[in-house]
Amino acid sequence: QYILAIETSCDETAVAIVKNERELITNVVASQIESHKRFGGVVPEIASRHHIEQITVTLEEALQQSQLTIDDIEAIAVTEGPGLVGALLVGVNAAKAIAFAKQKPLVGVHHIAGHIYANRLEEEFEFPLLSLVVSGGHTELILMKEHGSFEVIGETRDDAAGEAYDKVARTLNLPYPGGPQIDQLASEGEVSIDFPRAWLEDGSYDFSFSGLKSSVINKLHNAKQKNEEILPVDVAASFQASVIDVLSTKAYQAAKAYGVKQVIVAGGVAANRGLRKVLHEKFENEDIQLLIPPLHLCTDNAAMIASAGAVAYRQGHRAGYDLNANPGLDLEQYGMRNTMKET
Ligand code: ATP
Ligand code: MG
Ligand code: FE
């Protein structure tokens, strides 16, 4: 049974096909990073236009690579939100057009559910599990007691981790997206600056990164004023150390408190080498399995949407031809909608 999925929530046009929920057949990603680089971030209008240009060729490429035709596909899954509305609409309309023309069932997928389910293409889930979602727009700790159900136990109160990376990178005059650049610099520097860590109230699993971001900006500004030399590699290493410290400590505490069997890392920042290393060390001697997707499944792709979509499809979720892009789609509500239809 093949599920074809489309993802256009931000700046990658992606189409993938997954077999029997967990076997990745093909994963095509057309990235627009080059077009957004000179603006230092994603420009929504440009993103939509690129998606329109790329969607048909990306679909054709995915089918060609898999040697399948639309007739072989069981259902069409598509990211319905959250994301940029104009970008999401391109994918949603393409999915609706195929579903209507070929009379295939249509399944709407939450982008973050997708990031989490990227892991299931590598390893089967065991519940309860805790997911640490660290992406460009989200930083959350999510408890899952069964397939398709999501309970947010902690989230960022201001910036997302990826957003903090991108903003700090911009201050260091590094090109967009800044995450991979800082990751590289950090590996060459020393943790010599004591940047703050926002632990928040006792027992809180929430996050906050705006104070850290400001602290980095102030440090660079003051150094410039006083003509002090500070090495960008040291700023990167010290900033990254602070982010990783908070993320890994809160994930560890939550995993223990909720007695989970697995900890699943998801989203673009899961590609961070420093974070991957520290998490491995933290969970190495624990009776908790740590899953981190391979690099190509960390950042946006459609394989993860096919993976989450296949589960929603099995649970009975069907979208109508009135499916709309939903830029503010809530993860917990999305989960309830899907699991309630299970028979
Ligand atoms: P969301 O998934 O929340 O809607 P998004 O789709 O834009 O946001 P992703 O594609 O999941 O985000 O991830 C992109 C983010 O990941 C960017 O902020 C980027 O800087 C960051 N990122 C990518 N690789 C790394 C890395 N090696 N280290 C740190 N951050 C990274
Ligand atoms: Mg992206
Ligand atoms: Fe994403």
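A residue is taken to be near a molecule when its C-beta atom, placed from the backbone, lies within 6 Å of it. In this predicted model, 24 residues surround ligand 1, and the closest are Gly136, Gly137, Gly162, Gly179 and Gly268. Divided by class, the shell around ligand 1 holds 15 polar, six nonpolar and three charged residues. Helix H4 (111-117), helix H5 (161-171) and helix H6 (178-186) each supply at least two residues of this shell, and the largest share, four residues, comes from H6.

The buried positions are Ala161, Gly162, Glu163, Ala164, Tyr165, Asp166, Val168 and Ala169, and they pack against strand S6 (129-134), strand S7 (139-144), H6, helix H7 (210-225) and H8. After H5 comes Asn173, whose phi is positive, near 60°.

In soluble globular proteins, nonpolar side chains tend to be buried together. Here the largest nonpolar core has 103 residues, among which Ala5, Ala16, Ala77 and Ala306 touch the most other members; helix H8 (residues 232-257) gives the most to this core, with eleven residues. Ala16, once its neighbours within four places in sequence are left aside, is in contact with Ala5, Thr26, Asn27, Val28, Ala62, Asn301, Ala302, Ala303 and Ala306.

An unreviewed UniProt entry annotates residues 24-306 as "domain: Gcp-like". The end C-alpha atoms of residues 24-306 lie 9 Å apart, and the span is 46% helix and 17% strand.

Methods
Residues numbered from 1 in each chain as written. Chains lettered and ligands numbered in written order. Predicted model: local features only at pLDDT ≥ 70, side-chain atom pairs only at ≥ 80, totals over all residues. Nonpolar A, V, L, I, M, F, W, Y, C, P; charged D, E, K, R; others polar. UniProt positions renumbered as here; feature names shortened; annotations may be inferred. Core = buried A, V, L, I, M, F, W, Y, C linked by C-beta atoms within 7 Å. Buried ≥ 20, exposed ≤ 12 C-beta atoms within 10 Å, placed from the backbone. Contact = placed C-beta atoms within 7 Å.
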